[in-house]
Structure formats: C-alpha cells, structure tokens
Amino acid sequence: MNVDELLLPLALILVVAKLFSILGKKLGLPQVVGMIVAGILLGCIRYIPGQSVFTSSAMEGLSFLAKIGVILIMFSAGLDTDLKQFKKIGVPSVVITLLGVAFPLLFGFLAAGGMLYGGFSSLSQSDLISCLFYGTILAATSVSITVAALKELGKLNTKVGMSIIAAAIIDDVIGIVLLSLFISIDATGGAGDIGRSVGMMIAFFAAAVAVGFVIRFAVKRISERYPHTRRIPILSFAVCFFYAYAAEKWFGVADITGAYVAGLMLSGLHETEYVDRKIEISNYMIFAPVFFANIGITSNFESISAQMAGFGIVFVLAGMAGKVIGCGGGALMCGYGLKDSMRVGIGMMVRAEVVLVCAQRGVDSGLVDAAIMPFVLILIIATTLLTPLLLKLSYRKELPPPTLPPVYVRQPRGV
C-alpha cells in the first residue's frame with residue numbers, strides 16, 4: 001500500500017466527520033451518528049467513475065486505522081467502568097441486567113432465525129451462531145443519553161437513576177463476554193467446541209486478572225512518583241495493545257474484549273481520569289473518526305434486499321422492545337412500581353458506540369450480514385431521540401412548575 005493514497009481520504013474524513021459530529025451534537029444526537037453520516041456521504045465518492053480517492057489500497061489502510069480505533073474505544077469504555085459500583089449493586093440491578101440482556105438476545109435470535117434463515121428446523125451450527133450474534137448486538141446498551149436526561153430532570157440520584165447506572169455496568173460486561181464467546185465458538189468450528197471456547201475464555205480472564213494486578217500495582221507506583229506525566233498514558237496504551245493481542249492470538253478471544261479488560265484493570269486509579277482523557281484525545285483525533293466514518297463509507301445500500309429491509313425494521317423494533325420489556329419486567333419483579341419499571345426499561349433502551357462495535361465485529365467475523373449496519377444506525381438514532389422524550393413525559397406530573405421571571409414595573413419619574 002502506498003501511504004500517499006491514504007492521506008487525502010484521511011484528510012476528508014477528519015474534516016467532514018468533525019463537521020457532522022458538531023451538527024449531530026447540536027441536534028441532540030450522539031456525535032458518532034454525525035461521523036457515520038459523514039462516512040455515508042463520503043462513500044458516494046466511490047461511485048464516481050475513475051475516482052482515485054477511496055481506492056482499494058486506501059480502503060485497506062483505513063481499515064487498519066479503524067481497527068485501532070475500535071480497540072481504543074473499548075479500552076476507554078473499560079476505564080470508564082467504575083468497579084466500586086459492583087459493591088453497591090443489589091439484587092434488583094442484577095435481575096434488571098440479566099432480563100435486559102436475555103430478552104433482546106431472544107428477540108434478535110427469533111427475528112433472525114424466522115426471517116433470514118426461514119425457520120429453525122433447518123438451521124446449521126453456523127447459522128445458529130449467526131442468529132445468536134444478531135441477538136447479542138441488541139444486548140448492548142449505552143446509558144450516557146439517559147444519564148444526561150435524568151440529570152436534567154433532577155432524577156439521576158433516584159432509585160430509577162441508580163438502578164440504570166448499576167445495571168449498565170453489568171450489561172457491558174455480559175455483552176462483551178457473549179460477543180467473544182460466539183466469535184470464539186464460530187472460529188473453533190461450531191457449537192461442538194463450546195466447552196473449549198468457554199475454557200479458553202475462563203483461562204483468558206484468569207490470566208488477565210493475575211497479570212492485571214501486577215500491572216495495576218506498577219502503574220499505581222509510577223503515578224505516585226511521577227503524577228500527570230506522559231509515561232503513564234504511554235504505558236496504558238501499551239497495556240491496551242498487549243491485552244488485545246494476547247486475547248486474540250493466544251486465547252482466541254476477541255481483541256476488543258482484551259482491550260476492554262485492560263481498561264477494567266486500570267480503572268479506579270488516581271490517574272485513571274487523566275489516562276482516559278489522553279486516550280480519548282489521541283483516539284478522537286484520528287482513529288475513532290476513521291472507524292465510524294469507515295462504517296458509513298463501506299455501507300452498501302444496494303445489497304439491502306426486500307427480505308433484509310423487512311428484517312431490519314423488525315430488528316430495530318426488537319432492540320427497543322427487548323430492553324423495555326426485559327429491564328422493565330425485571331424492575332417490576334423486584335417490587336418497583338409500574339411507572340418506575342417503565343422508566344427503567346426506557347432508560348436502558350439507548351444504544352450508541354458499543355452496539356456499532358459489536359455489529360462491526362460480527363460483520364468482520366462473517367457472522368452477520370453487512371447490510372444490517374444501516375439499521376443499527378437507525379436503532380441508535382431512534383433510541384437517542386425517543387429516550388429523553390419518553391422519560392420527560394413520564395415525569396411530567398412530578399416536575400416542579402417552571403418559574404416565571406419577575407416582572408418589573410417601571411415607575412414614572414418623580415414618583
């Protein structure tokens with residue numbers, strides 16, 4: 001690959017993705033949505049006869065940068081996971097999470113098996129794993145929009161707000177484990193190798209934790225002696241890439257799982273926030289925009305058949321209903337009121353970058369059809385817009401009335 005071929009596409013992606021991410025933010029959408037839309041628009045260049053911007057060599061280079069971007073996104077997600085919250089998580093949050101994963105997984109599995117594979121009686125082992133992976137994509141959640149909405153309403157520190165935050169932590173961990181498990185099973189030859197895949201995953205987590213404690217201790221000592229120095233983020237980058245490599249090459253576990261676990265092992269330290277800030281600056285300068293824009297650029301809308309279009313619509317609805325029914329039902333089972341249960345379900349409905357990572361990993365592994373990506377984007381946009389609106393409507397009778405500004409009456413002169 002000629003590096004010069006990569007420079008112009010990279011320049012276009014960085015500028016256009018940033019402009020659209022700003023526009024998305026102004027419209028109340030996640031910035032990643034703007035980046036993907038930018039990628040879709042830039043992807044139109046590929047249809048111009050004789051174009052020399054997005055050549056095959058350039059696309060190969062962008063793909064490499066995108067893979068680094070997704071690894072750093074998952075590493076940052078691990079850093080943001082507050083392990084101390086696990087001590088505070090009660091039975092309700094666990095129940096909410098488990099049902100909130102089970103129902104979307106089930107709905108996605110049923111939709112894929114019934115609409116894409118023509119029923120379950122003739123499913124091969126590979127098809128079965130693919131159906132499960134469609135459900136796994138829907139199991140992911142991202143409550144940043146929910147947290148912002150509840151904070152604006154003054155309801156973040158309520159029972160509903162705390163339950164959503166706690167459940168989201170477990171949800172991320174379960175989603176990453178499921179993703180790695182199904183990819184590992186598919187790579188080792190089907191469902192017959194489940195035992196080996198589970199064993200390798202357990203071995204990875206055991207090794208990752210054991211090594212992680214040593215790394216965590218070393219980083220802690222370095223940060224105490226040299227606080228806020230660049231050597232700490234540099235070492236963290238190295239840990240991230242090492243874990244990602246070891247997970248994929250040595251244990252057959254997805255590289256993004258290794259990156260996420262690396263983030264978990266370095267979370268909660270005194271310098272974690274500083275490291276996370278440096279990671280995000282580095283990632284969102286180049287790698288993350290390339291990842292999200294590349295999804296748009298490589299999206300092939302011509303390959304969306306009538307069957308896939310019908311499935312895509314059901315897929316989006318299943319993703320929304322799965323969280324509302326699963327998480328809301330879990331809250332109801334744990335003694336929450338009907339309104340609060342509904343709020344928990346709505347709050348857990350939002351999807352963002354994690355669902356994109358899961359879907360793209362499925363596409364890269366050949367487990368899901370690339371034509372599902374536009375519908376994943378629709379799911380993100382729909383839940384991002386609906387969740388704050390529905391939460392606000394559910395609290396409309398409990399919010400204090402808006403205060404009117406004082407009216408000043410101008411006194412005539414001489415009075």
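Biologist: In this predicted model, at what angle do helix H13 and helix H14 pack?
Modeller: Helix H13 (residues 306-333) and helix H14 (residues 338-347) pack at about 140°. Their axes lie 7 Å apart.

Biologist: What is the hand of the crossing where H13 passes H14?
Modeller: The crossing is right-handed.

Biologist: Which residues in H13 and H14 meet?
Modeller: H13 brings Lys-323, Val-324, Cys-327, Gly-328, Ala-331 and Leu-332. They meet Leu-338, Ser-341, Val-344, Gly-345 and Ile-346 in H14. Contact here means heavy atoms within 4.5 Å.

Biologist: How does the contact of H13 with H14 divide by class?
Modeller: The contact has 7 nonpolar, 3 polar and 1 charged residues.

Biologist: Now the second largest pocket. How much space lies in it?
Modeller: About 530 Å³. Its lining has 26 residues. Closest to the centre are Lys-67, Gln-360, Arg-361, Asp-364 and Ser-365.

Biologist: Which helices each supply at least two residues of that lining?
Modeller: H3 (56-80), H8 (159-187), H11 (255-265), H12 (272-298) and H15 (353-364). The largest share, 6 residues, comes from H3.

Biologist: How do the lining residues of the second largest pocket divide by class?
Modeller: Into 14 nonpolar, 7 polar and 5 charged.

Conventions. Residues numbered from 1 in each chain as written. Predicted model: local features only at pLDDT ≥ 70, side-chain atom pairs only at ≥ 80, totals over all residues. Heavy atoms only, no water. Axes fitted to C-alpha atoms, helices over the stretch in contact; angles between N-to-C directions. Helix = DSSP H or I, 4+ residues; strand = E, 2+ residues; numbered from the N terminus. Left-handed = near helix turned anticlockwise from the far one by under 90°. Nonpolar A, V, L, I, M, F, W, Y, C, P; charged D, E, K, R; others polar. 1 Å grid on protein atoms, 1.4 Å probe; cavity = no way out; pocket = protein on both sides within 12 Å on 5 of 7 lines; lining within 4 Å. Points joined across faces, edges and corners; volume = space filled by probe spheres on them.
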